[in-house]
Amino acid sequence: MSRPRLEASDYIQGIRAEKRYVLSQAITLVESTREHDQRLAEEVLSSLLKYSGNSLRVGITGVPGVGKSTFINALGPFLIAKGHKVAVLTVDPSSKVSRGSILGDKTRMPDLSQYSEAYIRPSAAGSTLGGVARKTRESMLLCEAAGYDIILIETVGVGQSETLVHQMVDCFLLLMLAGAGDELQGIKRGIMEMTDLLVINKADGPNLESARMARLEYQKALHLFPVPESGVLPQVFSCSAEEKKGLNDVWQAVVNYQQKTQASGYFTSNRRQQRLQWLHDTLGHYLEQIFYQHPIVRQQLESLEQKVLAGEESPARVARELIRQFQQKS
Ligand code: GDP
């Protein structure tokens, strides 16, 4: 089934005119694996690059059930009331969502999805987490060019995806629950070190007191971690996403973080570093594609894999030899 295709200029003008349906189509283009679509997406992205970047990019993570979607559903309208335009993107490596079916996220964030100033896009489906992250980054630039000045990137709590989202945002927020016993249990050290702001959610009803205690515990515990690269010590807050309480303080802390890092120069240097990282990630991805699609590699890989599997050859030697042949025949 083919539908009328837009030209690069249609995407560019449509996005600059802040037309949501054109933005959606452009993100679909970015997510496409077809060669023609990818080239068109590159053209659109390069032209729009100069209009991107004028936003605050916030990563939001936490285990499933912690209340991420409830939190975003409450925070979004709060930000819109302050005059912002809010885009919500999701990085979920397990996502099988195909284009167009954004119903899932609409029901997850029913209030926010009512606003014309909000744009909610579920995770791209992808075979690799790196691929999903790359597409999310590009989608983020498109959203910025379409005038969204707050980008919320939600990630499910599975190790690597947090690291990748951390590499594309200005401020990283970890949602947590007050638990019984050792408050730090189950929290991987790596995540704590990436966190700029820790928020204990579900501070309501019978949880109110334990949330207050957890807040103090975490605040103390965070002092044990080295001062982050940003130079800003992470703070701990509690809130109730369900009752929409405490959101103001959380957001104020995000804004304070932004102001402090902008004043110190870290905000800019971090974004520069992220762009460089992005370049290298992309280079790595393209090189891998070129390598694996090369006839010599396609021809030989399977039998070499068998030899490695059987323990007849060492992986290092096989890899070096295959690369040598690839270089000779390229
Ligand atoms: P996610 O998987 O992290 O996106 O979590 P959800 O936003 O789907 O929330 C999981 C469950 O926790 C839902 O049943 C929510 O209604 C509930 N929940 C979310 N935030 C709060 C809160 O602040 N207080 C209470 N009591 N429940 C909440």
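Begin by selecting helix 4 and helix 10, where Phe 71, Ala 74, Leu 75, Phe 78 and Leu 79 of helix 4 meet Leu 247, Asn 248, Val 250 and Trp 251 of helix 10, a contact being heavy atoms within 4.5 Å. Sorted by class, this contact has 8 nonpolar residues, 1 polar and no charged, where Ala, Val, Leu, Ile, Met, Phe, Trp, Tyr, Cys and Pro count as nonpolar, Asp, Glu, Lys and Arg as charged, and the others, Gly among them, as polar.

Before going further, note that this is a predicted model, in which local features need pLDDT of at least 70 and side-chain atom pairs count only at pLDDT 80 or more, while totals for chains, interfaces and linings use all residues. Residues are numbered from 1 along each chain as its sequence is written, and side-chain values use heavy atoms, with hydrogens and water left out. Helices (H or I, at least four residues) and strands (E, at least two) are DSSP runs, numbered from the N terminus.

Two packed helices are described by the angle between their axes and the distance between the axes. Here the axes of helix 4 and helix 10 (residues 247-264) come within 11 Å and cross at roughly 75°, the axes being lines fitted to C-alpha atoms, for helices over the stretch in contact, with angles from 0 to 180 degrees between N-to-C directions. Helix 4 and helix 10 are therefore roughly perpendicular to each other; angles under 35 degrees count as roughly parallel, over 145 as roughly antiparallel, 65 to 115 as roughly perpendicular and the rest as oblique.

Stay with helix 4 (residues 68-81) and select Ala 81, which is found in this helix. Is Ala 81 buried or exposed? Ala 81 is exposed, with a relative accessible area of 68%, where buried means under 20%, exposed over 50% and partly exposed in between (1.4 Å probe, protein chains only).

Next, select helix 1 (residues 8-16) and helix 3 (residues 35-48), which pack at an angle of about 40° with their axes 9 Å apart. That angle makes helix 1 oblique to helix 3. In the contact, Ala 8, Tyr 11, Ile 12, Ile 15 and Arg 16 belong to helix 1, while Leu 40, Glu 43, Val 44, Ser 47 and Leu 48 belong to helix 3. By class, there are 7 nonpolar, 1 polar and 2 charged residues where helix 1 meets helix 3.

Follow the chain into the loop between helix 1 and helix 2, where Glu 18 lies. Most residues other than glycine have a negative phi, but Glu 18, although not a glycine, has a positive phi of about 60°. Glu 18 is partly exposed, with a relative accessible area of 43%.

Now select helix 2, whose buried residues are Val 22, Leu 23, Ala 26, Ile 27, Thr 28, Leu 29, Val 30 and Glu 31. Which elements do they pack against? The buried residues of helix 2 pack against helix 1, helix 3, strand 3 (118-121) and helix 6.

Move on to helix 6, which is mostly covered, with 15 of its 17 residues buried. After helix 6 comes Gly 147, whose phi is positive, near 95°.

Finish at Lys 202, in the loop between strand 6 (197-201) and helix 9 (208-222). Lys 202 has a positive phi of about 65° although it is not a glycine, and Lys 202 is partly exposed, with a relative accessible area of 33%.
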